[in-house]
Structure formats: structure tokens, C-alpha cells
Amino acid sequence: MERLSGRVAMVTGGANGIGRGCALRLASEGATLAVIDREEDTLAELRAEVEGAGGTILVRAADCTDPQAARDFVAEAESRFGKIDVLINNVGQGARERKSRFLVSEEEVWRFVIELNLFTTMRFSRLVAPGMVARKYGRIINMASEAALTGPIGSHDYSAAKAGIIGFTRAVARELAPDGVTVNALCPGPILTRALTTSTDPVVAETMAQVPVGFVGEPSDIAAMAALLASDEGRFITGQSIVVNGGRWWL
């Protein structure tokens with residue numbers, strides 16, 4: 001299918017994992033891509049794969065928490081392609097090696113996690129949404145997490161940031177709906193990304209073993225839902241938090 005032919009899609013944190021899966025799926029459905037990530041080497045690999053398949057892609061190696069880098073990338077994409085139809089706010093992560101229980105946690109880590117997850121989502125949305133409103137068409141897809149619903153121990157900062165994304169999604173969806181812009185959040189459960197497969201956290205192994213369908217998801221499972229929301233077939237879906245987790249938790 002080429003449901004996204006003629007559309008321009010921006011993906012933040014798109015060089016690896018879920019972001020990469022979304023970028024490749026959208027490109028396979030005809031979208032022109034603009035992808036930003038810190039990892040220059042994996043961005044180059046993504047670019048080669050997309051262009052090798054006949055697609056068009058703009059990449060930028062930059063830190064999404066840098067407001068000027070975000071502004072510059074959005075301006076470059078709009079200048080080159082004339083518009084941004086779809087925004088996938090994917091960049092984000094937990095505290096990882098600095099993860100701890102709340103009573104011994106540090107504010108510096110909270111700020112890092114909330115900035116990387118919530119503020120980048122708000123920042124890129126704020127930069128891209130005016131053009132969508134002006135054209136009376138847009139799709140914003142924010143990457144939340146089932147952690148916003150389950151509140152795993154040690155994930156106070158990550159859960160707070162992802163719950164913030166859900167609240168942000170609902171408020172902005174209501175505001176932009178009259179202008180033809182839908183805003184939704186995806187809440188992935190366990191997904192086979194680099195962060196998951198290299199984690200030594202026992203909670204991660206326990207989570208992976210608790211998926212009712214009997215297997216852990218892949219980035220393509222999230223990308224499939226993102227492609228639906230990005231397409232015209234998703235026109236009547238907005239303000240939603242869609243859990244994609246193999247049945248581990250229900251909303």
C-alpha cells in the first residue's frame with residue numbers, strides 16, 4: 001500500500017528501534033522522510049536503506065533536547081519539502097544505568113528523563129503544528145509507554161514523563177481538531193529494541209515473560225499502528241492513547 005504517497009513525515013529519534021521501524025514503514029507506504037537523531041552512523045545506514053529502495057530522506061545528526069537544533073531541522077525540512085504532514089515524536093528513554101528507586105533518586109536524572117521525553121514532544125509539536133494548522137491537515141503521533149499506566153518501580157521519572165505525554169496529547173488534540181490535525185499517543189509495551197535486549201534489569205526480563213500473546217513485540221508492530229494513524233484512514237482517531245503491548249495491560 002502507498003497510503004502516504006505525497007506526504008512528508010518527520011521522525012525524531014529515528015535512527016534505531018521504534019523510531020527506525022516507523023521511518024521504514026512510512027517510507028514503504030510512500031512518505032518522504034525527515035529524520036533526526038544523535039547517532040550519525042546509524043542515520044547514514046537508514047538513509048542508505050531508504051534511498052536504496054527508491055525513497056527520499058533528509059537526515060540530521062543532532063541532539064533533540066537542543067532547542068536551536070530542533071528549530072533548524074524543522075526549518076530545513078520545511079524549506080526542502082515545503083511542508084511536514086506527519087510528526088512522530090519518538091525520541092526518548094528512561095534513566096537506564098542511573099535508574100533507581102525514588103527515595104534515592106536525584107533531581108538531575110528526573111530533569112534529563114522529562115526533558116528528553118516530554119519536552120522534546122512539546123517542542124517539536126510546537127514547531128510543526130502551525131504549518132499543519134495553516135494547511136488544515138496534519139498527524140502528530142506521540143510515543144508514550146505502558147509505563148505511564150503501570151508505574152513500574154524505579155520508573156517514577158519515566159512514568160511521569162510518559163503520562164505527561166498522554167495529557168499533552170489529549171489537550172492538543174482537542175485544540176487542533178477543528179483545523180484537521182489529529183494528535184494521538186502510542187503506548188508500547190515490551191519491544192525488541194537495543195535498550196531492551198541489552199538491559200540487565202531483572203524487571204525487564206520479568207516484563208518480557210509476562211506478555212500474554214507469548215512473544216515480545218518488534219518495532220514493526222508499533223510502526224504498523226503509527227502508519228494507520230498517519231494515513232487518511234486514521235482521520236477519525238484523535239486524542240487517543242493506544243496501548244500496543246500484546247495484552248500485558250488494558251486501557
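**Close-up views of a predicted model**

**View 1. Two aromatic rings, Phe-102 and Trp-110, pair up in this predicted model.** At 28% relative accessibility, Trp-110 counts as partly exposed. Phe-102 is partly exposed too, with a relative accessible area of 49%. How many aromatic pairs does a search of the whole structure find? The search finds one. In that pair, the ring centres of Phe-102 and Trp-110 are 5.9 Å apart and the planes stand at 20 degrees, so the pair is stacked. If you are new to such pairs, keep two things in mind: the distance of the centres and the angle of the planes are what describe them.

**View 2. Here Arg-7 meets the ring of Tyr-137, and Arg-98 meets the ring of Phe-112.** Look for Arg-7 over the face of Tyr-137, where the distance to the ring centre is 3.8 Å. Then find Phe-112: the charged end of Arg-98 sits over its ring, 5.2 Å from the centre.

**View 3. Helix α4 packs with helix α6.** Helix α4 covers residues 107–135, and helix α6 covers residues 156–176. Their axes are 8 Å apart and the packing angle is about 15 degrees. An angle under 35 degrees counts as roughly parallel, and that makes α4 roughly parallel to α6. The crossing of α4 past α6 is right-handed. Which residues of α4 meet α6? They are Val-109, Trp-110, Val-113, Ile-114, Asn-117, Leu-118, Thr-121, Met-122, Ser-125, Ala-129 and Val-133. Trp-110, the ring partner of Phe-102 from the opening view, is thus one of the α4 residues that meet α6. On the α6 side, the residues they meet include His-156, Tyr-158, Ile-165, Phe-168 and Leu-176.

**View 4. Helix α1 crosses helix α9.** Take α1 as residues 17–28 and α9 as residues 219–230. The two axes come within 8 Å and cross at roughly 50 degrees, and α1 and α9 are therefore oblique to each other. As α1 passes α9, the crossing is right-handed. From α1, the contact is made by Gly-17, Ile-18, Gly-21, Cys-22, Arg-25 and Leu-26. From α9, Pro-219 and Ile-222 take part, together with Ala-223, Ala-224, Ala-226 and Ala-227.

**View 5. Leu-192 and Thr-193 lie in the loop between β6 and α7.** Is Thr-193 buried or exposed? Thr-193 is buried, with a relative accessible area of 17%, because buried means under 20%. Leaving aside neighbours within four places in sequence, Thr-193 is in contact with Gly-17, Ile-18 and Pro-219. Leu-192, in contrast, is partly exposed, at 36% relative accessibility. The C-alpha atoms of Leu-192 and Ser-220 are separated by 9.9 Å, and these residues are 28 apart along the chain.

**View 6. Arg-194 lies in helix α7.** This helix takes in residues 194–197. Arg-194 is partly exposed, with a relative accessible area of 46%. Which residues does Arg-194 touch, not counting those up to four places away in sequence? They are Asn-16 and Glu-39. Arg-194 and Asn-16 are 178 residues apart along the chain, yet their C-alpha atoms are separated by 7.9 Å.

Technical notes. Residues are numbered from 1 along each chain as its sequence is written. This is a predicted model: local features need pLDDT of at least 70, side-chain atom pairs count only at pLDDT 80 or more; totals for chains, interfaces and linings use all residues. Side-chain values use heavy atoms; hydrogens and water are left out. Helices (H or I, at least four residues) and strands (E, at least two) are DSSP runs, numbered from the N terminus. Buried means under 20% relative accessible area, exposed over 50%, partly exposed in between (1.4 Å probe, protein chains only). Contact means heavy atoms within 4.5 Å. Rings of Phe, Tyr and Trp (its six-membered ring) pair if their centres lie within 6.5 Å; planes under 30 degrees apart count as stacked, over 60 as edge-to-face and the rest as tilted. A charge sits over a ring if NZ of Lys or CZ of Arg is within 6 Å of the ring centre and within 35 degrees of the ring normal. Axes are lines fitted to C-alpha atoms, for helices over the stretch in contact, and angles run from 0 to 180 degrees between N-to-C directions. Angles under 35 degrees count as roughly parallel, over 145 as roughly antiparallel, 65 to 115 as roughly perpendicular and the rest as oblique. A crossing is left-handed if the near helix is turned anticlockwise from the far one by less than a right angle, and right-handed if clockwise.
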